[in-house]
Amino acid sequence: MAFMVKHMIGGQLKDLTGGLKEEKVEGEKSEATAKGMTQEEFEEYQQQLAEEKLEREASFAQKNAERATVRSHFREKYRLPKSELDEIQIQAAGKDVELPSELAKMIAEDNQEEEHKQSVLGQLSSLQDVDINQLKDKVQATFGDLKETAEKCEVM
């Protein structure tokens, strides 16, 4: 199949150029000339490809480390066993890996909600038939009464 395509297109290209170029045997062509570059350009191109590959690998390792950090955060939060793979990925990044900012905001909001739910007022607000304002007024009135009786007490 490739032979037929090369034969059909190659002949037409040869006609366009007028046959001015000498046809070399493919085994003799260097990789640079096969791609239409000089040897120096080809070396620069190869170096550029290698640098881009290293950048992609570093970015990939960083993303993996961020994901591992998120997983380890949730493992700590829900008291799940730690994963060695996550620790290896975090160490492989080589830098200090932090949670992504959006996720950190979400976690902070969740922590605030949990703290509110764990407080006494949070527990009371979860009850349906409780008026918190009325309850606060009663508590303040009782506290005021206790202060007055404490002041009147002769033992103290």
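Is Glu-114 buried, exposed or partly exposed?

Reply: Glu-114 counts as partly exposed, at 35% relative accessibility. Keep in mind that this is a predicted model. The side chain of Glu-114 meets that of Lys-77 in a salt bridge, with 3.4 Å from N to O. That pair links distant parts of the chain: Glu-114 sits in helix 5 (residues 101-118) and Lys-77 in helix 3, 37 residues apart. Lys-77 is partly exposed too, with a relative accessibility of 24%.

There are 3 salt bridges in the count, so let's go through the others, going by the rule of a Lys or Arg side-chain nitrogen within 4 Å of an Asp or Glu carboxyl oxygen. Asp-86 and Arg-71 join their side chains in one of them, at 2.8 Å from N to O. Here again distant parts are linked: Asp-86 belongs to helix 4 (residues 84-93), Arg-71 to helix 3 (residues 39-77), and 15 residues separate them. Arg-71 is partly exposed at 32% relative accessibility, whereas Asp-86 is buried, because its relative accessible area is 3% and buried means under 20%.

Asp-86 also meets the side chain of Arg-75 in a salt bridge, 3.3 Å from N to O. Arg-75 lies in helix 3 and Asp-86 in helix 4, so this pair ties together parts 11 residues apart in sequence. Arg-75 itself comes out as partly exposed, at 24% relative accessibility.

Notes
Residues are numbered from 1 along each chain as its sequence is written. This is a predicted model: local features need pLDDT of at least 70, side-chain atom pairs count only at pLDDT 80 or more; totals for chains, interfaces and linings use all residues. Side-chain values use heavy atoms; hydrogens and water are left out. Helices (H or I, at least four residues) and strands (E, at least two) are DSSP runs, numbered from the N terminus. Buried means under 20% relative accessible area, exposed over 50%, partly exposed in between (1.4 Å probe, protein chains only).
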